[in-house]
Amino acid sequence: MDETELRAEIARRRTFAIIAHPDAGKTTLTEKLLLYGGVVKLAGAVKAKRGRASTVSDWMEMERERGISITTSVLQFPYHGFRINLLDTPGHADFSEDTYRTLHAVDGAVMLLDCAKGVEPQTKKLFRVCRQRKMPIFTLVNKMDRPGRDPFDLVGEVESVLGIAAYPFTWPIFRGGTFVGVCERSTRRVHVFDPARAGSSAAVGAEIVEGQWLPVDDPAIVEIVGEEGRARLLDELALLDVAGDRFDREKFEAGEVSPMFFGSAINNFGLQSFLDSFCELMPSPRPRATVSGSLDPSTSGFSGFVFKIQANMDRAHRDRVAFLRICSGHFDRGMKVRQVRTGREMRLNNPTQFVAQERTIVEQAFAGDVIGIYDTGVFEIGDTLTDGPDVIFEPIPSFAPEYFARLVPDDPLRRKQLLKGMEHLAQEGTIQLYRPVVGRSGELLLGAVGQLQLEVVRYRMASEYDVKARVEPVPHQVARWVSRVDGAPVDVQELARAGFGMVTIDVRDRPVVLFEGEWSLHAAERYHPELAFAETAVGVVVRKD
Ligand code: G4P
């Protein structure tokens, strides 16, 4: 493939995730985007809440039982010549490290807000990760068909709570208190919301007709929004123009300003203009940071990293799939690549792509795409594959867990299987595992960023390793990776003797101290100025001995 062709393929890739608090409408929006992409023909195909017949995006039995999405699925769909990769993140209040890691595999995010609730706690958490990576973020305010907060209020909240400037591309219009449409600021056209047409998902594929568009000074507008509504709209548009700077694309790409849209996912309203602007503005895969400088997606050979490993995608086959985000070059089926960590060469014969449960064999894929590779246990989260020189991407951080527990087998004779299973799940990145440096050997503690992660481990121990076990709480509440300020290795035995917390080693042999509360962390920080206590594991020196 020549470079021009490769560039063109990469230029039409858009790889993103939706960040939202549960119930903001992420599932609905995902489904509608697939509908606009012509991938699913019927509303309801993706959606799977309790009591619903089936789901396309849920894989694990447990998800079906609970009606929540625990795993992160990857959906690819076409839209107006673009290839969009949507990496889905779990929508449950209780989320896991998968969610964080997914945000390391995307080039941008869409922040979905409920118009009545604004910025909610989980949105804030996820936003923080996007911010760290300085990624471009769109804001879509959903459920405009329902009573909500004042739009100026919402803009203010995004700016003050999240510390990012918001630039409204569309602006909602109300008649009395009723939502009647949005005005597109750049064209000064009004998009009329017609509740009669709303929600009729009779529209299929890309043929969805969202409703009428009229210039703001068209006489028919008055009929729809009323004199007062029109006057108010003109005032508000003028106010937005004087109050805000012009939209700055560079600032958007650096994650400093977020284009904001208003719509209603369930009613297919406002999604078209959102999606069009999204495709136009959201950057295609950009150069990726590596430890030896940045890697251009189109001039380098094939490279990518594993951001997720999913076991048991297909229960009939008991298989494991490693999800690889391609960062540069292109991929051909059967290609020979090298795993940088081990130097091992492998041929990728049957990589798959996913439209939810439907898997297709990938013949070709490009930077920005995600492919699934069957894994016989050779991959770890963060592994790099390449067909050229060794590439080491900036590591995906391990995040400080907030929940700690011990897993106790019901049958003490199954202890060995339990330990083996836990090691596997930890290597796969499902859970964090800590081995205390003093105390009973074989004692392992689990750490999770969400309570549900612990439940997932318990469930998978029973279904995949045949070990029934219970989760027992431990008194620890805070975990910190420890390194020495001078870069020398940490003497974990000496640290353990200091008695500030439980000193442990994680699956990558990095020292981690578990504290019973913030106070003991602060005490340790005060008494050990020679040590750094980090919330993420990046940059922590791995023990060599
Ligand atoms: P989530 O994945 O972010 O958790 O949200 P989901 O899409 O499941 O949507 C949460 C609820 O909000 C659903 O209602 C959904 O129908 C509703 N919703 C989504 N978009 C809109 C919208 O634009 N307007 C309005 N009015 N509601 C919207 P539910 O009662 O939980 O389920 P359902 O039985 O109505 O589907």
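User: In this predicted model, does His330 count as buried or exposed, and why?

Analyst: A residue counts as buried when its relative accessible area is under 20%. His330 has 18% relative accessibility, so His330 is buried.

User: Where in the fold is His330 found?

Analyst: His330 belongs to strand β16, which covers residues 330–332.

User: Which side chain forms a polar contact with the side chain of His330?

Analyst: That of Asp332, with a polar contact of 3.0 Å between the two side chains.

User: Which residues does His330 touch, leaving out those up to four places away in sequence?

Analyst: His330 touches Met1, Leu6, Phe302, Met335, Gln364, Ala365 and Phe366.

User: How many disulfides does a search of the whole structure find?

Analyst: A disulfide is a covalent bond between the sulfur atoms of two cysteines. Here the search finds zero disulfides. As for individual cysteines, Cys183 is buried because its relative accessibility is 0%. Cys279 has a relative accessible area of 2%, so Cys279 is buried.

User: At what angle do helix α10 and helix α11 pack?

Analyst: The angle runs between the N-to-C directions of the helices. Helix α10 (residues 415–428) and helix α11 (residues 451–465) pack at about 120°, and their axes are 10 Å apart. The crossing is right-handed.

User: Which residues make that contact?

Analyst: From α10 come Gln417, Leu418, Gly421, Met422, His424, Leu425 and Glu428; from α11 come Val457, Arg460, Met461 and Tyr465. By type, the residues of the contact of α10 with α11 are six nonpolar, three polar and two charged.

Terms used:
Residues numbered from 1 in each chain as written. Predicted model: local features only at pLDDT ≥ 70, side-chain atom pairs only at ≥ 80, totals over all residues. Heavy atoms only, no water. Disulfide = S-S within 2.5 Å. Buried < 20%, exposed > 50% of the residue type's maximum accessible area, 1.4 Å probe, protein only. Helix = DSSP H or I, 4+ residues; strand = E, 2+ residues; numbered from the N terminus. Polar contact = N/O pair within 3.5 Å; in protein donor to acceptor, adjacent residues only side chain to side chain. Contact = heavy atoms within 4.5 Å. Axes fitted to C-alpha atoms, helices over the stretch in contact; angles between N-to-C directions. Left-handed = near helix turned anticlockwise from the far one by under 90°. Nonpolar A, V, L, I, M, F, W, Y, C, P; charged D, E, K, R; others polar.
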